[in-house]
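Please look at the sequence and the structure before reading on.

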Amino acid sequence: MRNNNFEDIAFNRKSVKVFDENVKISREEMLEMINEAIKAPSSVNLQPWRFVVVESKEAKDTLRPLIRFNVRQNDTSSAMILIFGDMKCYENAETIYGEAVEKGMMPQNVKDDIMNMFIPFYERASKKEMNDIVKIDSSLAAMQLMLVARRHGYDTNAIGGFEEDQLAQAFNLDPERYVPVMILAIGKSNYEIHDTTRIDAAEISSFK
Ligand SMILES: Cc1cc2nc3c(=O)[nH]c(=O)nc-3n(C[C@H](O)[C@H](O)[C@H](O)COP(=O)(O)O)c2cc1C
């Protein structure tokens, strides 16, 4: 059963920090949720997001010392989803656009234009520029994953409090290539959810 009530999914989403430890999420469903999340848009469709699903006791033991005050989420969640951005995502451009042409979604000349115009820009981009691009793109997928999780009956907590300089290496990723973006704790809530306030739109918006 999927929850397809957009209002409930989006407006009743709240950060959950303690989960029912008995709830496991199958790999099949986890991949289904990730596939739904990566319908998110990304710059030049380069899809820099990468996911490491921390679900085993061993992997959670590896993560525990790296997540500061977020230990409860680690210990009770069904999984901690580590989201990284691939600083060399442009290396997949040929595959991504080749498939689009093959499937008739894009004419060859449009692909050629993209490969000739945008990809060299990425190849020449500074570390800071790439870091910004992959974090913006991956954050959109992270938000979508939080909503998709609710569609599947789960709750999440976005986590930014972790040892950024150690996360990739701890999970055998090249730290030069994969920058940590966010961790999502996911599972079934076992928590009294607190409501949170928002500054009203009128105060934070301007019309020109
Ligand atoms: C990028 C990001 C990082 C966050 N990091 C943490 C964190 O490290 N630990 C935590 O408990 N909550 C963390 N949060 C959750 C926020 O505190 C929470 O989203 C905010 O208070 C609004 O509450 P709500 O999600 O229930 O609407 C993070 C949220 C975001 C978007």
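How far is a nitrogen atom of the ligand from a polar backbone atom of Gly 160?

## Polar atoms around the ligand

The distance is 2.8 Å, and on the protein side it involves the backbone of Gly 160. The model is predicted, and the distances reported here are computed from it.

A nitrogen atom of the ligand has a polar side-chain atom of Asn 70 at 2.8 Å. For Arg 13, an N or O atom of the side chain is 2.9 Å from an oxygen atom of the ligand. On its own the ligand has 620 Å² of accessible area, and the protein covers 64% of this.

## The shell

The ligand is surrounded by 14 residues, and the closest are Ser 15, Asn 70, Ala 158, Gly 160 and Arg 198. Sorted by class, the shell holds seven polar, four charged and three nonpolar residues. Strand 3 (residues 155-159) supplies the largest share, three residues.

## Asn 70

Asn 70 sits in the loop that links helix 3 (57-63) to helix 4 (71-76). Its relative accessible area is 6%. Because the limit for a buried residue is under 20%, Asn 70 counts as buried.

The side chain of Asn 70 makes a polar contact of 3.1 Å with the side chain of Gln 73. Beyond neighbours within four places in sequence, Asn 70 is in contact with Ile 159 and Gly 161. Asn 70 is also listed among the residues closest to the ligand.

Note on methods. Residues are numbered from 1 along each chain as its sequence is written. This is a predicted model: local features need pLDDT of at least 70, side-chain atom pairs count only at pLDDT 80 or more; totals for chains, interfaces and linings use all residues. Side-chain values use heavy atoms; hydrogens and water are left out. Helices (H or I, at least four residues) and strands (E, at least two) are DSSP runs, numbered from the N terminus. Buried means under 20% relative accessible area, exposed over 50%, partly exposed in between (1.4 Å probe, protein chains only). A polar contact is a pair of N or O atoms within 3.5 Å; within protein, one must be able to donate a hydrogen and the other to accept it, and residues adjacent in sequence count only if both atoms are side-chain atoms. Contact means heavy atoms within 4.5 Å. A residue is near a molecule or strand if one of its heavy atoms lies within 4 Å of it. Accessible areas come from the Shrake-Rupley method with a 1.4 Å probe; for residues, only the protein chains shown count as cover. Ala, Val, Leu, Ile, Met, Phe, Trp, Tyr, Cys and Pro count as nonpolar, Asp, Glu, Lys and Arg as charged, and the others, Gly among them, as polar.
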